[in-house]
Every structure is written in structure tokens, then in C-alpha cells.
Amino acid sequence: MKQSNWGGQRIGAGRKRAAEPTVTVRVPVSSKEAIVKLVQQLKASPSVSFPAWLKPLQLVEQPTSQFIPCMSYSVRAGFPSPADDYIEKRIDLNEELIKHREATFFLRVRGHSMIEAGIDDGDELIVDRAITPEHNRIVVAAVDGELTVKRFYQRHGVVKLLAENPEYPDIEFKAGQEMVIWGVVIRIIKSV
Amino acid sequence: MSRFVLVDANNFYVSCERVFNPKLMGRPVVVLSNNDGCAVARSQEAKVLGIKMGVPWFQVQPLAKKHDIIALSSNYALYADMSNRMMTLLGQFAPKQEVYSIDECFLSLDGLNVDLVAYGQKIRQRIGQWIGLPVCVGIGPTKTLAKLANYIAKKQLQWQGVCDLSVLPESVLNHLLAEIEVGEVWGVGRRTQEKLTGMGIHTALAFKQADATFIGHHFSIMMQRTVLELRGVSSLQLESVVPARKQIMCSRSFGMPVIQLADLQQAVISYVTRAAEKLRAQSLLAGAVHVHIRTNPHRQKEAQYSQGMTVTLMEACCDTLKLVQASLWGLQRIYRPGYRYSKAGVILMELMPKGLKQMALFTDRNYAVNKDVRPLMQTVDRINQRMGKDTVFLAGAGIAKSWQMKRKNKSPCYTTEWNELVIVHAK
């Protein structure tokens with residue numbers, strides 16, 4: 001039987017399928033013409049390029065400053081520096097010397113009663129209030145409304161503050177007299 | 001049951017001063033507001049002598065002379081540092097912390113199985129030894145009750161600084177509340193108190209037993225919650241996330257009235273300089289500057305004027321020079337001659353992190369990079385950090401600064417300035 005030329009599939013007929021899912025975009029009726037025109041123009045024109053100095057709406061990264069160990073030589077593939085593995089943070093005195101950040105204070109010395117303990121007029125002391133004062137430690141005490149630095153003596157129920165200079169008297173406490181230990185000296189800072 | 005803890009330093013400003021100046025121990029001491037105007041903190045001894053909170057200092061001068069009361073100017077650099085130390089330490093005591101003000105914070109002890117009174121004593125001991133500040137601890141099943149517990153711990157010595165309302169039988173608790181004026185309840189201000197008293201609600205107990213819906217109807221939903229909180233129903237949670245700063249302000253009263261534009265300009269330049277330093281310290285940029293000036297509203301006989309203006313910058317920056325330029329431009333426009341100005345201020349607004357800066361549409365990027373002032377600002381900041389405040393400053397800020405506020409009796413910045421360390425005697 002001879003096949004008819006009529007009927008069957010017609011190429012290009014039926015619902016058009018896009019290569020990917022599509023969305024409908026709503027635009028104001030009044031702007032429709034202008035938008036369609038603009039899109040056509042853009043499609044026709046070569047890709048947009050800006051002059052070098054004009055970079056509109058660009059985010060500029062401005063990293064905050066940080067201490068990063070930094071290598072001054074260029075790095076070449078295949079030849080890593082033998083020092084790479086050894087890059088470490090620089091020493092930070094705050095970290096090394098201060099164990100209790102919140103309880104640590106700096107005080108400046110005035111006077112000469114502690115010179116034999118290595119504490120001179122004008123030195124700065126690092127004082128840690130978190131440490132419990134013990135016999136023989138150098139402490140800051142509040143005596144008669146003043147802060148004073150002395151060696152703490154506490155033996156057999158006797159409490160004294162010792163000077164480290166024979167020309168200065170020790171301070172002894174009798175029952176009822178009040179003395180408050182302000183903090184324990186952990187370091188002396190000197191200028192040389 | 002939730003358990004809230006409120007830790008609050010006693011007479012915070014005075015206590016901070018006492019840590020570094022033992023002479024102030026046991027003596028009546030007050031700290032005065034900016035310009036040495038009013039008493040903003042009082043030692044227990046000064047309270048006993050009848051110095052009221054906020055009283056203008058000149059009014060109590062005779063009393064002060066008679067009893068040898070020591071008046072100090074406020075030293076906010078010192079108080080801020082001591083507050084930071086205290087809050088850091090307190091944060092180590094609980095999984096959750098809400099810093100409520102410079103001298104008090106809430107802790108939430110949910111999930112911690114400890115004897116709370118002993119824990120409170122441990123907190124007191126730690127803060128006392130490590131930083132020398134006396135604190136009181138209030139504990140309760142709600143924030144409002146914790147706050148009230150703190151009040152009781154402060155007023156009644158038998159609690160030894162720690163009061164736990166969460167373990168008291170209802171009858172004992174009510175007995176305590178009956179002794180406390182309703183105005184002492186957290187959130188009840190002076191006007192609310194007056195209105196409540198008018199309704200016959202005088203004490204914290206009466207407030208607790210009031211009809212909550214009735215209170216909500218006549219006041220606010222917040223007051224209704226307060227009533228519930230007094231009954232032990234927790235309806236306020238800890239707010240441990242501090243919202244990012246949206247503004248940086250620097251505003252001060254003058255030591256004497258200022259009339260000339262030139263003096264106002266000096267003041268504004270100084271304030272912008274200070275605010276911009278803070279801005280850079282937090283790695284932020286400002287998108288706008290607000291500048292305001294006003295006369296003294298307490299001198300009703302003088303002509304009054306108050307005006308402010310916000311100047312938007314083309315591009316956010318942290319450059320003192322640009323911010324000064326913008327604020328002076330604004331000042332020029334709001335300044336009116338013939339008034340006696342008592343205060344000026346600047347606010348840096350539209351703050352954003354450095355990395356998020358948006359360039360203006362038509363900025364020439366190369367030009368912007370060449371004119372980068374960051375190294376200059378960094379250098380100035382470093383010099384001032386190392387050599388002391390205002391070692392390098394804009395000449396426009398003036399040198400004599402006749403307008404500067406009075407702080408006749410300010411203690412040294414013991415903990416924040418290397419040149420002002422506490423003196424320890426060796427004699």
C-alpha cells in the first residue's frame with residue numbers, strides 16, 4: 001500500500017521547548033517598550049567594557065592589620081625554603097610575663113628602701129593580685145593610706161614588712177593594726 | 001527552674017578610685033559628673049552624710065566642707081578599664097553573660113549544679129582579690145528577682161553580700177518584698193511608682209500580688225511581665241549578644257559658655273579626632289557625620305538655641321581630615337552668632353566594617369589609592385598610643401582650649417597611661 005503524503009509530524013509544530021526552564025518577568029506596562037528595546041540593543045552590541053579607571057560598585061578588600069610572619073624571598077615551586085617549617089610567632093612580653101591579665105597592674109617605684117632587692121627609684125613593677133602572698137615574697141601593701149613595696153615576713157604569728165636597705169626601718173604590726181596586701185610583685189622593669 | 005545571677009559593684013566609681021588611692025578608704029568620697037557638676041557616685045560614708053545621687057555639687061558645698069568630703073572629677077578611662085577587667089572575670093563564672101551596664105552583669109547558671117550562695121561568695125572573693133572591687137551578688141529564678149536580691153544583699157549586711165531568693169519559702173520571700181518600696185523593682189521608674197502608689201500599690205509585695213492583666217492594661221506589657229517575674233515566672237532572657245555599634249559619639253559640655261565660631265570649631269575638631277580614633281581602633285568606616293551645638297537649657301533667662309546637622313560623605317572613610325572637613329561644613333551652617341553655647345558634639349554614623357566599603361560610582365580608583373591616607377592615620381594613632389594622647393593633633397583643635405571642660409580633681413589614668421602609673425613608695 002502506498003503511503004500517503006498527508007498527515008504525520010510537521011517539523012517545528014507544537015509547543016516550543018526551551019533548553020532550560022524559563023521564568024516570567026513582570027515589568028510595568030509603561031516601561032515595556034523601553035525595556036524590550038534596551039534588551040535588544042544590548043543583545044546586538046558588543047560586550048560592555050569600562051574604562052580602566054572606572055570600576056563602578058566594586059567592593060574593595062581592606063584587610064585589617066595582622067602580625068603575619070612574612071617571607072622576603074620569592075617562593076619557587078620545587079625549592080621550598082628550609083626555614084618554612086620554622087616560621088613562628090614573635091615573642092610577646094605580655095604573654096610571657098603576665099599570667100593573670102585581669103589581675104595584673106603596673107606600678108612605678110619612688111624611694112630607695114628596696115635597693116638590695118634590686119628595686120631602684122623609678123623602676124616599674126609588674127604586680128599580680130591573683131597570687132596569694134607568702135612569706136619572703138616582695139609585695140605591695142597599703143599602709144597608712146599609701147602603697148608601699150616591701151618584703152613580706154610571716155613566721156610564728158609575726159607579720160612584718162621588711163626593707164631591703166639597712167638605712168630604712170622595717171614595719172612591724174601589732175594586734176589591731178591594719179595592713180592590707182595589695183598584690184605580689186612578679187617582675188621589675190628597669191631602664192639601663 | 002532557671003537561675004539568674006546579678007553581680008553589681010558597690011559604688012563602682014568610688015571603689016575604682018579607692019583601689020589605687022588607699023587614703024580614700026573609710027572616708028566620705030563622691031565622684032562628680034563631667035564638668036564637676038553633680039555627684040554621680042558616693043561612698044557609703046557620703047551616703048550616710050545625706051549626699052543624694054545627682055545633687056548639684058555647689059548645693060552641698062557647705063556640708064562637704066563641714067565633713068571633709070573628698071570630691072573627685074570623673075575618670076572614665078580608669079572606670080572603663082576596671083569594668084573590662086571585672087566583666088572578663090565574671091564571664092569565666094558562667095556559660096552565659098549579659099553585660100548590663102558599666103558595673104553590673106547578669107549571669108545564667110542554667111546547667112551548673114552548684115551551691116549558689118557558695119558560688120556567689122567565690123565570685124565576690126575573686127573580684128575582690130584580683131581587681132580590688134567590692135561586689136554584691138543577687139540570685140533569683142527571674143532577672144527581676146535577681147536584681148531585687150542584689151538590692152537586698154547591698155542593703156542588709158546579714159546576707160554578707162550574697163542573697164539567693166530562689167531558695168526562700170514563699171512566706172519568707174513575701175516578708176522581704178513587703179519591706180521594699182515598689183520603686184526599687186527593676187523597670188519601675190519614678191512616674192510609674194507615683195501612679196502605682198496612687199493605686200495603693202506601695203511595696204514590691206503589693207505589686208507582685210496585683211492583677212497582672214490590670215497592670216498590663218494601665219501601664220505596659222513590660223510592667224505586666226515584671227509582675228509575673230516577681231512571681232517567679234521567667235519572661236526575660238539573657239541578651240548575651242551585644243548588638244554591633246551603630247554610632248560613635250563624642251559630645252561634651254564646655255567649661256564655660258562659648259560664643260565664637262572659632263572656639264566651637266576647635267571643640268568640634270577635637271571631638272571628631274577622638275571619635276575617628278575610636279572608629280579606626282574598631283576597623284570601621286563612617287558614612288556620615290552628625291554635628292550638633294546647643295545653649296544651656298538650665299539658664300532659661302538666656303536666649304536658647306539648639307541645632308544639629310547630618311553631613312553625608314561621598315564615600316565612607318576613617319580619615320580624620322575628611323571627617324573634620326564634613327563636620328566643619330555642617331557647623332558653619334548651623335552656627336548662629338550671639339548665643340552662649342554650652343555644649344557641642346559629633347556622631348559618626350552609618351558605620352560599616354572596612355572590608356565592605358562601597359566605592360562611589362565615579363571614583364577614580366587609581367586616584368583614590370594614591371591619595372590613601374591610611375598610612376598617615378595609622379602613624380598618628382601609633383605615635384599617640386606610644387607617646388601619650390594628643391602628642392600629634394590637628395592644629396585646628398587649638399592649643400589653649402579655653403572651652404575645655406572642667407575636671408579639676410581627676411585622678412591619674414593609672415591603668416591606661418604609662419606616664420600616669422600608680423606610685424608605690426619605697427621608704
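**View 1. Chain A, with its 2 helices and 7 strands.** Helices here are DSSP runs of H or I with at least four residues, strands are E runs of at least two, and both are numbered from the N terminus. Follow chain A along its sequence and you get the pattern α-α-β-β-β-β-β-β-β. Of its 192 residues, 16% count as buried, meaning that 20 or more other C-beta atoms, placed from the backbone, lie within 10 Å of a residue's own. This is a predicted model, where local features need pLDDT of at least 70 and side-chain atom pairs count only at pLDDT 80 or more, while totals for chains, interfaces and linings use all residues. Residues are numbered from 1 along each chain as its sequence is written, chains are lettered from A and ligands numbered from 1 in the order in which they are written.

**View 2. The open sheet of chain B, 5 strands in the order β5-β6-β1-β7-β8.** Its pairing is mixed, and two strands pair if DSSP finds at least two bridges between them. At the edges sit β5 (96-101) and β8 (162-164) of chain B, each pairing on one side only. From one strand to the next, the twist averages 15°. β5(B) pairs with β6 (residues 104-108) of chain B in the antiparallel sense, over 5 bridges.

**View 3. Helices α1 (residues 12-20) and α4 (residues 76-91) of chain B, packed at about 95°.** Their axes are 10 Å apart; axes are lines fitted to C-alpha atoms, for helices over the stretch in contact, and angles run from 0 to 180 degrees between N-to-C directions. So α1(B) and α4(B) are roughly perpendicular, the word for angles of 65 to 115 degrees. Phe12(B), Tyr13(B) and Cys16(B) of α1(B) meet Leu78(B), Tyr79(B) and Met82(B) of α4(B), with contact meaning C-beta atoms, placed from the backbone, within 7 Å. By class, that contact has 6 nonpolar, no polar and no charged residues. Nonpolar covers Ala, Val, Leu, Ile, Met, Phe, Trp, Tyr, Cys and Pro; charged covers Asp, Glu, Lys and Arg; the others, Gly among them, are polar.

**View 4. Helices α6 (residues 143-155) and α11 (residues 221-230) of chain B, packed at about 70°.** Here the axes are 7 Å apart. That angle makes α6(B) roughly perpendicular to α11(B). Lys143(B), Thr144(B) and Leu145(B) of α6(B) make the contact with Thr226(B), Glu229(B) and Leu230(B) of α11(B). Sorted by class, this contact has 2 nonpolar, 2 polar and 2 charged residues.

Technical notes
Parallel < 35°, antiparallel > 145°, perpendicular 65-115°, else oblique. Contact = placed C-beta atoms within 7 Å. Buried ≥ 20, exposed ≤ 12 C-beta atoms within 10 Å, placed from the backbone.
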